[in-house]
Amino acid sequence: MRKLVLVAVLFATAGTARADVGIGLFIGDPSVLDFKIDAGWHSSVDIALGWSTFRDGRDQYAHLTYLATPVIGHGRSVLVPLRIGIGVAFYGEGSFDNGANVAVRAPLELALKFRDAPVEIYGEIAAELTFYDDNNNDDFFDLQGGIGFRVYF
């Protein structure tokens with residue numbers, strides 16, 4: 001009977017699980033469609049699909065990044081999260097059939113997340129270290145950055 005009461009109390013006091021999902025655009029290097037999914041307490045997963053830099057002829061780009069939020073500033077109408085992350089990026093060279101590269105990326109992101117609207121504006125700078133270069137013609141180190149927005153559901 002004690003176990004039944006304990007289970008009933010746990011179900012009665014448990015909060016509902018809620019995962020925020022953000023969809024948006026990031027413009028810069030890379031320019032991508034961005035999906036951010038909350039993964040737990042002050043952490044999320046960022047998935048991006050689009051194009052990498054246009055300056056050297058690359059086109060396809062994708063990344064999967066784990067983001068941690070160690071600091072959140074609290075304003076009256078906005079939250080200001082500072083996020084750091086680690087992830088992997090995949091990008092091509094020139095046309096879509098001309099090789100693929102794999103890189104480690106480490107972003108630093110600062111955002112304005114509005115309290116009264118499900119919208120976030122953010123800026124990001126990321127270091128990218130290419131460890132697999134299919135045609136052996138890309139820089140080992142690259143710096144990426146830009147601005148973006150997300151709408152949360």
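1. Glutamate 109 sits at 0% relative accessibility, so it counts as buried.

2. One partner is arginine 83. The two side chains form a salt bridge, 2.6 Å from N to O. Glutamate 109 belongs to strand 6 (residues 100-114) and arginine 83 to strand 5 (residues 78-92); the pair is 26 residues apart and links distant parts of the chain. Arginine 83 is also buried, because its relative accessibility is 4% and the cut-off is under 20%.

3. Glutamate 109 also meets arginine 150 in a salt bridge, at 3.3 Å from N to O. Arginine 150 lies in strand 8, so this bridge ties strand 8 to strand 6 across 41 residues of sequence. Arginine 150 has a relative accessible area of 0% and is therefore buried.

4. Arginine 150 makes a salt bridge with aspartate 46 as well, at 3.6 Å from N to O.

5. The structure holds nine salt bridges.

6. On confidence: the mean pLDDT of the protein is 85, and 78% of residues reach 70 or more. Residues 3-17 fall below 50, and this stretch has zero contacts in the model beyond near neighbours in sequence. Where pLDDT is low, predicted coordinates should not be read in detail.

Methods:
Residues are numbered from 1 along each chain as its sequence is written. This is a predicted model: local features need pLDDT of at least 70, side-chain atom pairs count only at pLDDT 80 or more; totals for chains, interfaces and linings use all residues. Side-chain values use heavy atoms; hydrogens and water are left out. pLDDT is the predictor's confidence in each residue, from 0 to 100. Contact means heavy atoms within 4.5 Å. A salt bridge is a side-chain nitrogen of Lys or Arg within 4 Å of a carboxyl oxygen of Asp or Glu. Helices (H or I, at least four residues) and strands (E, at least two) are DSSP runs, numbered from the N terminus. Buried means under 20% relative accessible area, exposed over 50%, partly exposed in between (1.4 Å probe, protein chains only).
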